[in-house]
Amino acid sequence: MNLQFASLLIALPLISAFFVPVIKTISRKAVMPFLVIITAVQTGIAAWVFEEVYTGGKPIIIMAGGFKPPVGINLYIGHFAALFVLIIAVAGFFMAVFSMKSIGVEPKDKYAMLFLLLMLGATGMISTGDIFNLFVFMEITAISAYALTAYNKTGEASEGAMKYIVLGGIGSSFFLVGIALIYGSLGTLNMAQIAQLAGNINPTVAQAALALLVFGLAVEAELFPLNAWAPDAYQAAPHPVTAMFSAFVVKAGLYAMVRIIYLLRDTQAFTGILRLVLILGTITVVIGELSALRQTNVKRMFAYSSIAQVGFMAVGFSLGTQAGASAGVFHMVNHAIVKALMFLAVGYVALELGGTSIEDFKGLGKKMPLTAFAITVGAISIIGIPMFNVFWSKIQLILAALKVGKTGVIALILGASLVEAVYYIRLIHTMWFESANGEKVKENFTLGVIMLLLVALIIVIGVFPNAAWNIAQKAAADLYNVSQYIKNVPLLPGVSP
Amino acid sequence: MSIGVYYFGAVSLILIGLYAVLVKKNLLKILVGLSIMETGVNLLLISIGYIAGRSAPILSEGVGPNNAVDPIPQALVLTAIVIGVATTALALTVAINLYETYKTLNIEELRRLRG
Amino acid sequence: MINELMIIIFAPLLAGVLAWIFDVKGIREGVAIIGAAVPLAYLIQAYQTLASQPSIQYSIVLSGFKFEFILYHLSWVFAMIAGVVGFAAVLGMVSTAKDSYEWLFALMSLTGVYGVFLADDLISFFIFWEIMTFASFMMVLKYNRKASLKYFLLSVLGAYAMLIAIGIIYAKVGAFDFTSVQRVFYQDAMRSVMGSDTLFSRNELLLIFGLFLTAFGVKAGTFPLHVWAPDAYSETNQSYTAMFSGVLSKAGVYGMLVIYILLGTRLMYEFGNIGAAPKFGYVIAFLGGITIIVGGLLAALQEDIRKLFAYSSISQIGYILVGIGVGTALSIEAAIYHAISHALFKGLFFLIVATIIHRTGKTQFKDMGGLAEKMPVTFAMAFVAILSLAGIPPLVGFASKWLIFEAVIHQNMPILGGMLFFGSAIGFVYLIRFTYAVWFGQRPTELDDTKDAPLPLAIAMGILALLNVVFGIAPGIVAGELNKIFGKEIIQGTIWELNLGFGRYNGLFITIWLVVGILIAAVIYFLGAKVRRVPVTDTYQAGNPVTMDYNLTIRRNFFLPLKETLAFWLRMSFDRLYQDIGSWVEDLAETLRHYIYNGNVQAYAWYLAAILIILALWGV
Amino acid sequence: MVMKRALAILTILLIGYWIALALSHVPFGADKMLVGQYYLNHVKAQTGAVNAVTAVVVNYRGFDTLGEVTVLFIASTGVAALLWRKKRKRTAKTEGSVVLTTGSRLLFPFIVLFGGYIFIHGHLTPGGGFPGGATIATAFLMLYLAFSVYEIPHKGFEITEGLAGMGYVTVGLIGLAIGSYFLFDWIWQSWGWGHSNIGRLFSAGFIPVIYTIIGIKVGTELSGIVDSMVKEGGE
């Protein structure tokens, strides 16, 4: 089969989003099922791409318009992108199913469109091989995220979205300045070629460009203190959207940041920026965990926890070794699974019991045992108990840090896990052992199945981490090994200085 | 260090925009600041593509491949402008919603979500 | 063919899961008992195998890691502790467990303990350690959030300490299995003797030692990491506490032995000896000594029967640590012996407490009294346990304590000896209270229709009491097994006699004399003058009127004077220190959160500007 | 407040100095082209467009443009979603003056025509789908300003918008089917239409097709945004 068909990953959500207005005029009720069907098909395509890439061992290069890079824009679906496109599709599918139940605010057809375009944006960000195209996809992601954050049309939603817009706007402007500097020095926008020529950039320009690019992406990647929008947006957004934010939107931003840093490793600024990311990542973990500590709104607590985990990933990537990158990718995967589960569960609780404050979680074990079980498993996993998936990524992170002699990272993980233990155990205790009045809720079958699936995934990876770890290692190699990346992109021979 | 007047203007616009975002209390003014920043960035992009003495990259009537300016930044700016418009439109919409709910656009008062 | 080691380890967990799924009263109890009995049976069977071969090994490759398990004499002894006490505790839980939740986690923790004892590589050691911790934590969580949180936090601290140590070792050794690690450290020791470069520097060695000490110290309940133990032991199903205190704390002790096995040689050469005892062991020994005193004193001051034994348990673990710390073959054997006897008598004690709470619903001394009449069987068990803990021959507690004394004194360590002696004395102090306040004296009227122990609990207590007596009268049985660990006759003698060369103790001899003495006493009792019942009155009053705020009876504030004397020292509580640190961090977090995420988007924009400035300054 | 301003000025000066320092190594007006030169050299042969910018936008960097269309689509959808109320109507108090209304009626078709001209000639002259669409939207904006009750036909516009978007993707997918690359210029490269026509209207492969689609789409989208913002909600 022609591998260029992988471009359907971009085309399908797009054409489907454009089709929604037509569907709406036929039947308003058909919109949400349509969304589910499309995400399911997207999952199928993503699974095919994943299979192709991992069995073939070679990345799929999609060349738009048939022009070879750097003349045309290419999508680079390597091991990392294949993995994350699949995660995006699966998470999107689950959240689409969840949306059928949880989205009550009209106009749902617009919601469906924005939902699809958010997926599209993240998919594009992960797979693109052109730095300006990255900016475009980043804006697609960001703007649909703005709209979705404000979707509930409450004051809080608008406020959260506004913060996101202002900070995101500043970030993207400076990101574009960075692109301008890179383009001005090299005359190309193709990432592989930029990596190839990175050594030629004037050091001053390289420093500023790299710094600005990282700055712009760090806003999306939620590194402290550029993440101030995140808790608000997470809290205010509709529940499925929050889950998607945590599961893949932030990861797409982080990925792009790491990719660009690694691409420009030939520049002198490389080690400096790695150190900076390490510091920012560390502070992100500390502040995130501490902020979650006494949170009374569970959704917000999870948001802070999510931010802290992103900090771990950033720390992993900033170790500057392949082991560190592997640990970071592995943590990304595990965290995506866990947080999708937890935000789904929290959203479901909010739907049934009317809120996400800790009061609503009293006696949840009696009222909604399955949901409470799901949250418990997720929480235990995040704390880092063996036999659950996050444990392995934390271990790998520790080993990677040890290899480069950064023992401080270990202390960081230890401290963070202690704090996580405190607030998650408080929550677990509240759910299971505090009594509250209220009827037992009849839990939705489909959502129950989804939650159990994710729980099963957490435990399966926890018990047999090998397969997942291998995949993560391959994905990380794709990210880390820049010379291989350059080789994989079929650059047009004539176009070079 | 010497930068051309176009660069200077572009960077100044970016900084003026940033200044507005950092200092102004009115949300609309902050959004205006963001727009100014975007404009500055677009100007910067376009000036980077300029090559002294050459004309627009429309290859007819005596303009050949060797006396046209770089077409890429112009294409990029086209995209960037549209993205800027989209952001602004959405931001204004959110501002409308905010005003309808809280009857204020003072960012000091729009602080329900915190901590 | 499934390996027998796997059956030993996973049978309890399987039973627990089954009990949890088939949540039917009757079935789940049966399944659980089978789950606890199967490993015990296999262990007993393995005794035969171990007589002919040095060890039983098994390894399995899972998810890229090779998990190795081994059963040899040392692990067999510890596994037997787990088997016997675990089995007794499960029997006890038949009477006291309320739902399938408790079965699941109680049996899961048993699996964890077996795994820890049988593990032969650091990764499986750690994983089972965590399973054990997690399961026991879940047991506490059900009863009390605060206690469980304290337990969990310290456990996580310990777990990560261990993990980091393992990581450091792995980074240099490149393997996890005990054999390789041991070999590397041994070679390192040889290198340092030769004066050549070592793989692990002195500081790294110290770091690893400290981390392991923290990890195992938490589980064993060593001062100053003991603060979780009183709360956790008392705030859970008391039948389970028999296992918790009797077996799980032994995992910490076993960990200390693992330090010796893996790092011992290197540590000894690096830091030197005092006499025959290694210097690094002194750290362990003195921590143990302090633990004895702190645990003992605090036990005496408790008003809650569960807390009393929880502190007592901490104090007794101190003995074991002293034995291990002294580091001679004799002292280590003595320590293991005391680990066995502590498991036996403290398991028994907690089952007794479980019975009392099960039957009366009371936990405070002030609500009890005169139960000996109503619960004769339980009282008989308590009698055995008290004598054993107090170290009165011919019970097992005497034999092991005597060995530790001898081992310490033989190394000329007067301070440690004093600590041990003080611990024994304070043991009497708190046991008096338990003996009198619970079993004798006036009985509150509401306890008049208290019944004796239910059958499962009675059987469980019977097993442990019997072993207390048997191993006391015939200490040579245990000593013989312990000698196998070292492969030489360190404690000589017959089954009835322990002979150290510089001292001997004959259990049978003393028993015979004791029986004779009791017979004589009985004869006197029955032939003597008419026995008169004396009403119990407080002797403290001495004619003065009693004010309620200084009303000291054996059931109420009995040791208040002691408390007042120690007031200065009691103020320095590590528990409170940790709590203060905890709340300080939380307050800081609260302030920080409100200050940083203040909701003002302009402030957030300033953060962005700040980062830009940092980037600019770094660039310019 | 003064402190804050001073601090802000200090901040922007520092940042400005930093960016300017970097820019001073990217000399203004110098020839920095690499890929750009390739475009200029091959644009006519490869795409048939005279306007290199257009060729870059539609052909070489088709993904960007697709994304750009999407962004605008998101904006219009987002604005409509966020301003969605049960009942929304126009609340303008006064009708425009006679001059305004008559003038608008007269000008409307010409503005639309001009917009159409711009996007159809995108491959020849400066302009293209986006300016053309924006011009068309201005025509509708003018109607809103002139008449107090005027509303665009929402449903029709929405569907047109969607269909136009689908059309763009479909053109791309046809490229995938025919030329086995997404967004492949099948009209120019596979079918070879208009090779003799370079510099005239019927050339440049699918650029005019796509620009027409984009023009229609942008026009309807921007009009939709205007409509959403002009109307006020009521319960």
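1. B:Lys103 sits in the segment after helix H3 (71-102) of chain B, where helices are DSSP runs of H or I with at least four residues, strands are runs of E with at least two, and both are numbered from the N terminus. This is a predicted model, in which local features need pLDDT of at least 70 and side-chain atom pairs count only at pLDDT 80 or more, while totals for chains, interfaces and linings use all residues. Residues are numbered from 1 along each chain as its sequence is written, and chains are lettered from A and ligands numbered from 1 in the order in which they are written.

2. Although B:Lys103 is not a glycine, its phi is positive, at about 55 degrees. B:Lys103 has 8 other C-beta atoms within 10 Å and is therefore exposed; here a residue is buried if 20 or more other C-beta atoms, placed from the backbone, lie within 10 Å of its own, exposed if 12 or fewer do, and partly exposed in between.

3. A second residue of this kind is A:Lys153, a non-glycine with a positive phi of about 60 degrees. A:Lys153 belongs to the loop between helix H5 (131-149) and helix H6 (155-186) of chain A, and it counts as partly exposed because 19 C-beta neighbours fall inside 10 Å.

4. Chain B contains 3 helices and 0 strands, which follow one another as α-α-α from the N terminus. Its radius of gyration, 19 Å, is well over the 13 Å that the globule rule gives for 115 residues, so chain B is more spread out than a compact globule; the radius is taken over C-alpha atoms, and the rule is 2.2 Å times the number of residues to the power 0.38. Along the principal axes, the C-alpha atoms of chain B fill a box of roughly 60 × 35 × 20 Å, and 55% of the 115 residues count as buried.

5. Chain D has 9 helices and 2 strands, in the order α-α-α-α-β-α-α-α-α-α-β from the N terminus. Its radius of gyration of 22 Å is well over the 18 Å that the globule rule gives for 235 residues, so chain D too is more spread out than a compact globule. The box filled by the C-alpha atoms of chain D, taken along the principal axes, is roughly 55 × 55 × 35 Å, and 53% of the 235 residues are buried.

6. Within chain A, helix H1 (residues 8-26) and helix H2 (residues 31-56) pack at an angle of about 170 degrees with their axes 10 Å apart, where axes are lines fitted to C-alpha atoms, for helices over the stretch in contact, and angles run from 0 to 180 degrees between N-to-C directions. H1(A) and H2(A) are therefore roughly antiparallel, given that angles under 35 degrees count as roughly parallel, over 145 as roughly antiparallel, 65 to 115 as roughly perpendicular and the rest as oblique.

7. Within chain D, helix H2 (residues 35-47) and helix H3 (residues 52-60) pack at an angle of about 65 degrees, with axes 10 Å apart. That angle makes H2(D) roughly perpendicular to H3(D).

8. In the interface of chain D with chain A, 49 residues of chain D are in contact with 57 residues of chain A, contact being taken as C-beta atoms, placed from the backbone, that lie within 7 Å. H4(D) gives the largest share of the side of chain D that touches chain A, 14 residues. That side divides into 28 nonpolar, 13 polar and 8 charged residues, with Ala, Val, Leu, Ile, Met, Phe, Trp, Tyr, Cys and Pro as nonpolar, Asp, Glu, Lys and Arg as charged, and the others, Gly among them, as polar.

Technical notes:
Two residues are in contact if their C-beta atoms, placed from the backbone, lie within 7 Å.
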